Amino acid sequence: MALHLGVNRVGRSPDNEFQLEHPTISTHHCEFIVSVDGIVLHDCHSTNGTFVNDQPVREVWLEARQVVRLGSVELLVESTEVNIAIPVIERTVAPPPEALPAGGIVCPRHPQYLATFECPHCRELMCSGCVRIIRIKGGKPHYLCIKCHNPCERIEVEQQSVKKKGFLGFLQDTVRLKFGGRPRV
């Protein structure tokens, strides 16, 4: 049996990591505890005992080529070397945010909206629809990052100054009418 890092329980019960259906094995017979330092065998008050090289044990560090007996079942310790491998996780890098000619930045998740919040912790940009808002009763709202859940800060977006048009200017943009009158000379 190949052990995993941490506690590996052995016994007759199906809730153990390793189930051994034998009449001399207790429901929760023992534990193999795997750490960086090696493997510890711990007896869980089994009825028929746990033995290493025919010596009864309650808790012992295991070594290679030892014989472990649980009740009448014998196991050979092939190796106590622990190999810990850290998996390589490929992380996709998001493209840089699109800056608009007017100076605003587009929300990476909602390109139709401007980013109005930035997380100072993870530097994530968000629109008002992305940011999480919580309010404690009677208090002001708190804006939280969608990625790391830290408080966000509002980005001040400069609005382009638009010259207001009067009613006739608005009407001229929406309806093309020729107004009669005298030609100007």
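Predicted model: local features only at pLDDT ≥ 70, side-chain atom pairs only at ≥ 80, totals over all residues.

A residue counts as buried when its relative accessible area is under 20%. Glutamate 31, at 15% relative accessibility, is therefore classed as buried.

**Glutamate 31**
- Strand β3 holds glutamate 31.
- Setting aside neighbours within four places in sequence, the contacts of glutamate 31 are Val7, Asn8, Arg9, Val40, Leu41, His42 and Cys44.

**Nonpolar cores**
- The largest nonpolar core has 15 residues, of which Phe32, Leu41, Leu62 and Val68 touch the most other members.
- Two or more residues of this core come from each of β3 (30-35), β4 (38-43) and β8 (67-70).
- Strand β3 supplies the largest share of this core, three residues.
- With neighbours within four places in sequence left out, leucine 62 is in contact with Phe32, Ile39, Leu41, Val52, Val68, Val77 and Thr80.
- Another core, of nine residues, lies apart from the largest one and includes Cys119, Cys130, Cys145 and Cys152.

**Largest pocket**
- The largest pocket contains about 460 Å³ of space.
- Its lining is made up of 19 residues, and Met1, Ala2, Leu3, Ile39 and Ser79 are the closest to the pocket centre.
- Strands β3 and β9 (73-76) are the elements that give two or more residues to this lining.
- By residue class, the lining has 15 nonpolar, two polar and two charged residues.

Key:
Residues numbered from 1 in each chain as written. Heavy atoms only, no water. Core = buried A, V, L, I, M, F, W, Y, C linked by side-chain atoms within 4.5 Å. Buried < 20%, exposed > 50% of the residue type's maximum accessible area, 1.4 Å probe, protein only. Helix = DSSP H or I, 4+ residues; strand = E, 2+ residues; numbered from the N terminus. Contact = heavy atoms within 4.5 Å. 1 Å grid on protein atoms, 1.4 Å probe; cavity = no way out; pocket = protein on both sides within 12 Å on 5 of 7 lines; lining within 4 Å. Points joined across faces, edges and corners; volume = space filled by probe spheres on them. Nonpolar A, V, L, I, M, F, W, Y, C, P; charged D, E, K, R; others polar.
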